[in-house]
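This briefing goes through the structure shown below by topic, moving from single residues to the packing of helices.

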Amino acid sequence: MSDVWRNLPLFGRERVDESGVGRGWGDELAAVRAAADAALATRPDPEAAEAFEAALRPGRAPRSGRPRTVKLAELDRAVYAYLDLAARLGLPPQLPERASGAVALGRAAAAPTEIRAVISGHALRATDAGWEFGRGPVLEAAAAELLEFLGGRSLIAPRRAPHPSPEEDE
């Protein structure tokens, strides 16, 4: 019987060390904060720093002394607050890859009809980050441009990739 269980799809993968997997998006939120601190170190602006921090204030306090789990919605707010900060400071955004990819995937999954019409049947690829998701012909742009589009803040849609993805060749 043990051989049968080993061949099932959920049990057939090799065991790997997953001790680094944590709950929530705390590490990614910290990386966005570090990117904001680096931008503010380059061009100090107390009002921009206050606006960024105001966008990150948590909505609820932790219960029973446990550490608060950072939800994707909070990471989403932080990423968009960082994009606003970078635009206000006139700096190109330096988004952490995991944070931008997670927020983009979340936004794509919950996108309004107009945005879904554009991205439906396509893969989205960030040209300056190591992430891509979806199936079909690839639409690509910089991570910040994709996030602006997926957030409904830009009317400029990602452009079709000049080179087909391996999935398109099939």
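Ala 108 has its place in helix α5, and with a relative accessibility of 10% it counts as buried, the cut-off for that class being under 20%. The model described here is a predicted one. In it, the protein has eight helices and four strands, which follow one another from the N terminus in the order α-α-α-α-α-α-β-β-β-α-β-α.

**Ala 108 and the chain as a whole**

- Once its neighbours within four places in sequence are left aside, Ala 108 is in contact with Arg 116, Ile 119, Phe 133 and Leu 150.
- Between Ala 108 and Gly 134, which lie 26 residues apart along the chain, the C-alpha atoms are separated by 9.6 Å.
- Of the 170 residues in the protein, buried residues make up 34%, and Ala 108 is one of the buried residues because its relative accessibility is 10%.
- Among the contacts in the protein between residues at least 6 apart in sequence, 54% join residues that are at least 24 apart.

**Packing of α4 against α5**

- Helices α4 and α5 pack at an angle of about 110°, and their axes are 10 Å apart.
- That angle makes α4 roughly perpendicular to α5, because the class covers angles of 65 to 115 degrees.
- The crossing in which α4 passes α5 is left-handed.
- On the α4 side the contact is made by Leu 72, Leu 75, Asp 76, Val 79 and Tyr 80, and on the α5 side by Ala 99, Ala 102, Val 103, Gly 106 and Arg 107.
- Sorted by class, the residues in this contact of α4 with α5 are seven nonpolar, one polar and two charged.

**The loop between α4 and α5**

- Gln 94 lies in the loop between α4 and α5, and its relative accessibility of 54% means that it counts as exposed, the cut-off for that class being over 50%.
- Apart from neighbours within four places in sequence, Gln 94 is in contact with Ala 35 and Tyr 82.
- The C-alpha atoms of Gln 94 and Leu 83 are separated by 9.0 Å, the two residues being 11 residues apart along the chain.

**Packing of α3 against α4**

- Helix α3, residues 46-56, packs with α4 at an angle of about 170°, and the axes of the two helices are 8 Å apart.
- That angle makes α3 roughly antiparallel to α4, because angles over 145 degrees fall in this class.
- The crossing of α3 and α4 is right-handed.
- From α3 the contact draws on Glu 47, Ala 48, Ala 49, Phe 52, Ala 55 and Leu 56, while α4 contributes Glu 74, Arg 77, Ala 78, Ala 81, Tyr 82, Leu 85, Arg 88 and Leu 89.
- The residues of this contact of α3 with α4 divide into 10 nonpolar, no polar and four charged.
- Ala 51 also lies in helix α3, and at 41% relative accessibility it counts as partly exposed.
- Although Ala 51 and Leu 85 are 34 residues apart in sequence, they are 8.1 Å apart in space, C-alpha to C-alpha.

- Helix α7, which spans residues 143-150, is largely enclosed by the rest of the structure, because seven of its eight residues are buried.
- The buried residues of α7 are Ala 143, Ala 144, Leu 146, Leu 147, Glu 148, Phe 149 and Leu 150.
- What covers these buried residues includes the helices α4 (72-89), α5 (97-109) and α6 (113-119), together with the strands β1 (123-126) and β3.
- Just after α7, Gly 152 takes a positive phi of about 75°.

**Glu 140 in strand β3**

- Glu 140 is found in strand β3, which runs over residues 138-141, and this glutamate is buried, with a relative accessible area of 13%.
- The side chains of Glu 140 and Arg 125 are joined by a polar contact of 3.1 Å.
- Not counting residues up to four places away in sequence, Glu 140 touches Arg 125, Thr 127, Pro 158, Arg 159, Ala 161 and Pro 162.

How values were computed: Residues numbered from 1 in each chain as written. Predicted model: local features only at pLDDT ≥ 70, side-chain atom pairs only at ≥ 80, totals over all residues. Heavy atoms only, no water. Buried < 20%, exposed > 50% of the residue type's maximum accessible area, 1.4 Å probe, protein only. Polar contact = N/O pair within 3.5 Å; in protein donor to acceptor, adjacent residues only side chain to side chain. Contact = heavy atoms within 4.5 Å. Axes fitted to C-alpha atoms, helices over the stretch in contact; angles between N-to-C directions. Parallel < 35°, antiparallel > 145°, perpendicular 65-115°, else oblique. Left-handed = near helix turned anticlockwise from the far one by under 90°. Nonpolar A, V, L, I, M, F, W, Y, C, P; charged D, E, K, R; others polar.
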